[in-house]
Amino acid sequence: MNALPTDPPLLAVLKGEHRDPPPVWLMRQAGRYLPEYRALRAEKGGFLELVYDPDAACEVTVQPLRRFHMDGAILFSDILIVPHGMGQGLTFGPGEGPQLTPPLQTADWESLTPAPGYFARIYETVAKVRAAIDPSITMLGFAGAPWTIATYMVNGHGSKDQAETRALAYADPAAFQSLIDAIVRSTVDYLSGQIDAGAQAVQLFDSWAGSLSPTQFERWVIAPTASITSQLMARHPDTPIIGFPKGAGAKLAAYAAETGVDAVGLDETLDPAWADAVLPPGMPVQGNLDPLALLTGGEALTQAVARVRAAFDSRPHIFNLGHGIIKETPIAHVEALMDLVRKPFR
Ligand SMILES: Cc1c2[nH]c(c1CCC(=O)O)Cc1[nH]c(c(CCC(=O)O)c1C)Cc1[nH]c(c(CCC(=O)O)c1C)Cc1[nH]c(c(C)c1CCC(=O)O)C2
């Protein structure tokens with residue numbers, strides 16, 4: 001995939017170009033650390049009310065760009081919209097994280113599929129954002145990866161070690177495979193719809209990839225991700241895919257080599273120098289500032305930013321956090337971060 005002269009910087013880096021300073025966006029860049037987000041959320045009545053209202057979701061997507069001028073706009077939505085579309089109830093209660101009800105029990109996982117047209121409002125948001133932002137900004141779509149989505153569908157909520165889902169995957173691998181296959185199919189259609197609506201690159205969030213043993217990681221993280229990337233690439237050969245297998249640790253190397261993703265997102269626990277050494281030469285990377293360094297600010301932030309930039313100086317790099325921004329993060333620290341990233345490094 002070669003970058004075009006007209007590609008915005010973030011997209012060019014995803015296609016393999018090196019840029020200094022690196023393009024930057026932040027996972028969870030829209031959200032509760034912004035007073036304008038909290039105000040609109042209160043006015044609309046809740047998180048899902050924002051997600052399913054294309055005008056509101058577009059506004060929330062653009063809010064951080066007005067303040068900080070990131071290089072990427074990420075669709076305001078959630079990975080759990082896919083299980084919601086498949087018919088599970090979804091609530092975001094105050095302070096308790098998302099709940100999917102009832103937890104998945106049906107034996108008929110093969111036929112799980114979102115209602116036709118279910119994601120139309122999400123695609124409308126993508127199109128609205130693409131029309132609202134400058135051509136120098138890259139529009140990013142996303143979805144949860146099958147393993148992570150399955151953990152929420154089976155458990156009904158987030159859990160510390162995903163034990164229930166891991167146990168199910170051992171106890172009845174054939175049934176679990178049919179659930180994963182159903183999520184793969186929905187995810188390909190959902191991301192394809194986002195790309196048709198204007199997403200220029202997409203990210204697969206595998207937030208719980210870290211809980212699997214190496215063989216289970218091959219089967220439930222690498223294989224479904226490879227299936228999604230090959231189907232998406234067949235439909236959209238020029239749209240890069242970023243894989244973010246959070247917590248993958250040493251399994252990152254196999255993930256990068258075997259899934260077919262164009263770029264990998266690194267969480268903050270990975271040593272950038274190690275990652276640089278084990279990843280295929282020239283493969284773009286994204287990350288991996290510790291969100292706690294951003295929360296802390298000051299000299300800790302300055303040093304952490306310099307370390308990340310130095311480690312990835314020689315390959316295509318998109319500056320980002322290693323995980324989502326923490327909601328208590330002061331706005332002044334995000335401003336300081338953007339200044340530090342935009343300064344020439346040498
Ligand atoms: C696991 C996961 C989820 N959602 C997501 C993941 C993968 C990344 C990760 O590991 O964090 C991904 C996600 N969630 C959200 C986005 C929007 C785009 C962005 O700004 O990055 C994205 C890309 C909005 C959101 N998703 C959520 C909020 C907060 C909702 C609110 O109360 O306003 C936002 C802005 C809620 C959510 N959604 C989810 C959880 C566990 C929670 C509760 C935790 C929390 O409240 O921070 C599921």
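A crossing is left-handed if the near helix is turned anticlockwise from the far one by less than a right angle, and right-handed if clockwise.

**Ground rules.** I am working on a predicted model: local features need pLDDT of at least 70, side-chain atom pairs count only at pLDDT 80 or more, and totals for chains, interfaces and linings use all residues. Residues are numbered from 1 along each chain as its sequence is written.

**Entry 1: α2 and α4.** I took helix α2 (residues 35–44) and helix α4 (residues 54–68) and found an angle of about 165°, with the axes 10 Å apart. Helices here are DSSP runs of H or I, at least four residues, and strands are runs of E, at least two, numbered from the N terminus. Axes are lines fitted to C-alpha atoms over the stretch in contact, and angles run from 0 to 180 degrees between N-to-C directions. α2 and α4 are therefore roughly antiparallel (over 145 degrees; under 35 is roughly parallel, 65 to 115 roughly perpendicular, the rest oblique). Their crossing is left-handed. On α2, the contact uses Glu 36, Tyr 37, Leu 40 and Lys 44; on α4, Ala 56, Glu 59, Val 60 and Gln 63. Contact means C-beta atoms, placed from the backbone, within 7 Å. I sorted these residues into four nonpolar, one polar and three charged.

**Entry 2: α4 and α6.** I then paired α4 with helix α6 (residues 120–132): the angle is about 45° and the axes are 8 Å apart. That makes α4 oblique to α6. This crossing is right-handed. α4 contributes Pro 54, Ala 57, Cys 58, Thr 61 and Val 62, while the α6 residues include Arg 121, Glu 124 and Lys 128. The contact divides into six nonpolar, two polar and three charged.

**Entry 3: Lys 327.** I located Lys 327 in the loop between β9 (317–321) and α15 (331–342). Lys 327 is partly exposed, with 13 other C-beta atoms within 10 Å (buried takes 20 or more, exposed 12 or fewer, partly exposed lies in between). Beyond four places in sequence, Lys 327 touches Gly 31, Arg 32 and Tyr 33. I also checked Lys 327 against Glu 218: they are 109 residues apart in sequence and 33 Å apart, C-alpha to C-alpha.

Definitions and conventions:
Two residues are in contact if their C-beta atoms, placed from the backbone, lie within 7 Å. Ala, Val, Leu, Ile, Met, Phe, Trp, Tyr, Cys and Pro count as nonpolar, Asp, Glu, Lys and Arg as charged, and the others, Gly among them, as polar.
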